[in-house]
Amino acid sequence: MKVRRLPYPTLALALMSAGPLSALAQDSHSHLSTAPANELSPDQKSRASALLSKVREATERFQNVEVAKASGYELLFGCVSGDSAGAMGLHYVNLTILNSTNQSGVMEVDHPQIVIYEPTADGQLRLTGADYLVYAAPWDKLHPGDPPQLMGQAFHLFDAPNRFGLPAFYTLHAWAWKDNPNGAFVNWHPNVSCEQFTGRP
């Protein structure tokens, strides 16, 4: 069984106006570093809690990965793991939503571009959160000087050039289904592992 890994030219064609979405992997898939929950102000805690609640509402039906796949999400990059900071897990990407976001410049919490899973010991996949992603060039053209955010949570700009040759993009993980002791919107989850990944999408 083989994970679908689209080569750079093929994926670039698939995204067309959105630009290439190559392997969002290892230390180069950076996100906003958010302080642990106990260091947030009451207002920040309230906004973070509200956003996570909305993300859970939007993704609850994807607890079963087959539902996500039937809704247009597909595994593109295998299991993303870090050297020492844990992992991000499996990124199921909806290219239709990604393209739509890049064209419209509208970021909607109800329509995440990516849903994230971790492989479990029994061979199943556990939903851990969502990843919101939009390319910087089309976003900035429509929103000059106004980077994306969801309910007060700012996205992180991953600039170019980078080791993958990707265009700059904004991205935000939301660990809505598995508490992250390092913060709900950081890049890596210390308690997520790719050890049980079998290569099966």
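What follows is a chat about a predicted model of a protein.

Visitor: How many helices and strands does the protein have?

Guide: In this predicted model, the protein has five helices and eight strands, and from the N terminus on these elements run α-α-α-β-β-α-β-β-α-β-β-β-β.

Visitor: And what share of the residues counts as buried?

Guide: Of the 201 residues of the protein, 50% count as buried, while the accessible surface comes to about 9,500 Å², with 51% of that surface belonging to carbon and sulfur atoms.

Visitor: Okay, helix H2 next. Which residues of H2 are buried?

Guide: Helix H2 covers residues 42–59, and its buried residues are Ala48, Leu51, Leu52, Val55, Ala58 and Thr59. They lie on the same side of H2, because the arc they cover around the axis is only 120°.

Visitor: What do those buried residues pack against?

Guide: The buried residues of H2 pack against several strands, among them S3 (114–119), S4 (125–135) and S8 (169–174). On the face of H2 turned away from that buried side, you will find the exposed residues Pro42 and Glu57.

Visitor: How far does H2 reach from its first C-alpha to its last?

Guide: With its 18 residues, H2 reaches 26 Å between those two atoms, which is close to the 26 Å expected at 1.5 Å a residue.

Visitor: Changing topic: how many disulfides does a search of the whole structure find?

Guide: The search finds one disulfide, formed by Cys79 and Cys194, whose sulfur atoms are 2.0 Å apart. In general, a disulfide is a covalent bond between the sulfur atoms of two cysteines.

Visitor: Which parts does that pair tie together?

Guide: Cys79 lies in strand S1 (residues 74–81) and Cys194 lies in the segment after S8, so the pair ties together parts that are 115 residues apart in sequence.

Visitor: Is the disulfide left-handed or right-handed, and are Cys79 and Cys194 buried or exposed?

Guide: The disulfide is left-handed, because the torsion about the S-S bond of Cys79 and Cys194 is about -85°, and both Cys79 and Cys194 are buried.

Visitor: One more residue, Glu108. Where is its place?

Guide: You can find Glu108 in the loop between helix H4 (95–104) and S3, where Glu108 is partly exposed, with a relative accessible area of 40%.

Visitor: Which residues is Glu108 in contact with, leaving aside its neighbours within four places in sequence?

Guide: With those neighbours left aside, Glu108 is in contact with Tyr132 and Leu150. Glu108 and Gln149, which are 41 residues apart in sequence, are 9.7 Å apart in space from C-alpha to C-alpha.

Technical notes: Residues are numbered from 1 along each chain as its sequence is written. This is a predicted model: local features need pLDDT of at least 70, side-chain atom pairs count only at pLDDT 80 or more; totals for chains, interfaces and linings use all residues. Side-chain values use heavy atoms; hydrogens and water are left out. Helices (H or I, at least four residues) and strands (E, at least two) are DSSP runs, numbered from the N terminus. The expected span of a helix is 1.5 Å times one less than its number of residues. Buried means under 20% relative accessible area, exposed over 50%, partly exposed in between (1.4 Å probe, protein chains only). The arc is that of the directions from the helix axis to the C-beta atoms. Contact means heavy atoms within 4.5 Å. Accessible areas come from the Shrake-Rupley method with a 1.4 Å probe; for residues, only the protein chains shown count as cover. A disulfide is a pair of cysteine sulfur atoms within 2.5 Å.
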